[in-house]
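Subject: A structure for you to look through

Hi there,

I am passing on a structure for you to explore. Please open it next to this message and follow along as you read.

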Amino acid sequence: MAQNKNISYLNKNFTQYKASLIDFAKNYFPNTYTDFSDTSPGTMFIEMSSYVGDVLSFYIDTQIQENFVLTAKEKENLFNMAYSLGYRPKLSYASVTTIDFYQQVPILNNAPNLDYALIIPENTVLTSNSTQTKFLTTQKVDFTDTGSTEISLFDGNNYLFRQSVKAVSAEVKTATFTFGAPVKFTSVEINDPNFLQIINVNGNDGSQWYEVPYLAQSTIVNKTVNTGPSSNQVPYLISLLETPNRFVSRIRTDGVVELQFGSGMYVNQDDDLIIPTPDNIQLGMVPSVDTSDLISNYNQAAVFYTKQYGTVPSQIVLNVQYLSGGGIEANLPANSITSITSISNIGAFNPIYTNASLSTLVAGNPIPSIGGRSGDTIEEVRLNTLNAFSAQLRAVTKDDYMTRALSMPAHFGNIAKVYVEQASALSSSPGNDPLIDNNPLALSMYVLSYNNKKKLSNVTTELKNNLKEYLEPFRMVTDAIIIKDAYYINLGLSFDITINPGLSSNVILTDCINALTDYFHIDKWQINQPIILSNINSILLQIKGVQSVLNVKFTNLSGGDYSPFSYDVPGAFRSDILYPSLDPAIFEIRYPDLDIQGRVITF
């Protein structure tokens, strides 16, 4: 009868394997082999076996750890898992700054002669003086829109117009690819270490090609120019487009960007809209009389995914426009980006004045350019992948919906403030049960936007529609979102202070007003945020020269250029805290230069 031998499976390294093999030989071959010295032939074979076991254990452990995001070390494996879990690694990050454009406009009949006013399109190129780094504007500058332009008197003959826009450290580059005979899932490469994103892909036959997250997605979000009255706030409208001309892009570990196209070989094989029917839902099932086990047998791909995955480009030349830039060197100090390198499609009310107007056009960055850096490190890819996996491209919590709303691209409109809560009953009847009459799956999203002077305003219908379409892919199928207008309450602030003897009251008052202006900057305030008087007192007391704060008073400002909503400010105070209304609202000091006033009191 064969002897059952006790074999250990817990050994991992050379020393453990060797010790285990020696113990095994001593236990089961005590009389056959007894020489375990370092110079014996038996020890040589034991050590060779231990070496093989050590190497095999290493590779097994490595293969296992490379299957998990938390433990993977190989860059290629980590990139593969990142794409499969919804995160796209970055090669470079662009820096961002604000560009102030100034133009002199002649005076005509005591008013600006708008025939000279320029319209500077987005994607205007500027260059830094020191590093020659290029920057692109992301918004249009329209000096003919006096409502969004800061106007001051320059001299006796000219006004000075000023507008501010965002700019990113990038330049537009073009890569051209020629395709011959059709090849399924063909791909092309862009070798640019500073690649940021693809702008558009056009064919020499006038065709447009669209980037999608995966080739099976046949419907893409398209943008159309908004020609309505709200075009200043909402430049583009969201629309859905079903197209076979699509591709996916992927950044490889060697820094090369790969564009891959679909497998549709002929023009007449465009993707069709697949509607689940009893005929096609059973495609791919194992032939059987009993078809009750549909859950485990039916072919999901035949119902919910397209067959062709897009069209193969053939006998065509594609021009790929993309943005390149960013990096650490793109972080520049203030007032270092002043050279206007290229302006395409410049516009004015009267084209004959364009050259004269351009001669007075200057630009500069009043704040530093920040945010530029190199691409993702291994650890950053790992952490961002874990975050993408937890998000699953879905909005689940209230914070998820708020983040998604604020992340909508600016060319679809600017959502400035968002507040989300569970939707309340539509009727205020006393008979309503707060638990039964409220929809537990409905959310009320209260939103506000900025006008052209970055003052709070209600959201236009076009912007609400864009937000609705933008949130739709992220919405849970059981969730309902009701987009509503939040309220904004405009306030005036006055204060009295005493100062140390011998100091200039004007200087100290200016410092106090500047500090309060910074505290009440609208970017720092959210819907339903209260105002705490002790914080106001603390800010004033920190100003050098302020001896005491005697009186801080808030008043409501409404009507005209202010909010149309009045508010009982004295009645909203509780324990020196000014609370907003029960309906979601935000406080705003609309014009700090006028609405914040201070006095120096002497005894």
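Predicted model: local features only at pLDDT ≥ 70, side-chain atom pairs only at ≥ 80, totals over all residues.

Start with helix H1, residues 14-28, and helix H2, residues 41-65. Their axes come within 8 Å and cross at roughly 135°. Angles over 145 degrees would count as roughly antiparallel, and H1 and H2 are therefore oblique to each other. The crossing of H1 past H2 is right-handed.

Which residues of H1 take part in the contact with H2? They are Phe14, Tyr17, Lys18, Leu21 and Ile22. On the H2 side you will find Thr43, Ile46, Glu47, Ser49, Ser50, Tyr51, Gly53, Asp54 and Ser57. Sorted by type, the residues of this contact are six nonpolar, five polar and three charged.

**Salt bridges**

There are 16 salt bridges in the structure. Here are a few to find on your screen.

One of them joins glutamate 211 and arginine 88, with an N to O distance of 3.9 Å. Glutamate 211 belongs to strand S13 (residues 208-211), while arginine 88 sits in the loop between helix H3 (75-84) and strand S1 (92-93), so this pair ties together parts that are 123 residues apart in sequence. Glutamate 211 is partly exposed, at a relative accessible area of 34%, and arginine 88 is also partly exposed, at 26%.

Now look for arginine 162. What does its network of salt bridges contain? Asp100, Glu150 and Arg162 are linked in it.

- Aspartate 100 and arginine 162 form a salt bridge whose closest N and O atoms are 3.4 Å apart. Aspartate 100 lies in strand S2 (residues 96-108) and arginine 162 in strand S9 (residues 158-168), so the partners come from distant parts of the chain, 62 residues apart.
- Glutamate 150 and arginine 162 form a salt bridge as well, here with the closest N and O atoms 2.8 Å apart. Glutamate 150 is in strand S8 (residues 150-153) and arginine 162 in strand S9, so the pair ties together parts that are 12 residues apart in sequence.

Are these residues buried or partly exposed? Buried means under 20% relative accessible area, so aspartate 100, at 5%, counts as buried. Arginine 162 has 22% relative accessibility and counts as partly exposed. Glutamate 150, at 47%, counts as partly exposed.

Enjoy looking around!

Best wishes

Terms used. Residues numbered from 1 in each chain as written. Heavy atoms only, no water. Axes fitted to C-alpha atoms, helices over the stretch in contact; angles between N-to-C directions. Helix = DSSP H or I, 4+ residues; strand = E, 2+ residues; numbered from the N terminus. Parallel < 35°, antiparallel > 145°, perpendicular 65-115°, else oblique. Left-handed = near helix turned anticlockwise from the far one by under 90°. Contact = heavy atoms within 4.5 Å. Nonpolar A, V, L, I, M, F, W, Y, C, P; charged D, E, K, R; others polar. Salt bridge = Lys/Arg side-chain N within 4 Å of Asp/Glu carboxyl O. Buried < 20%, exposed > 50% of the residue type's maximum accessible area, 1.4 Å probe, protein only.
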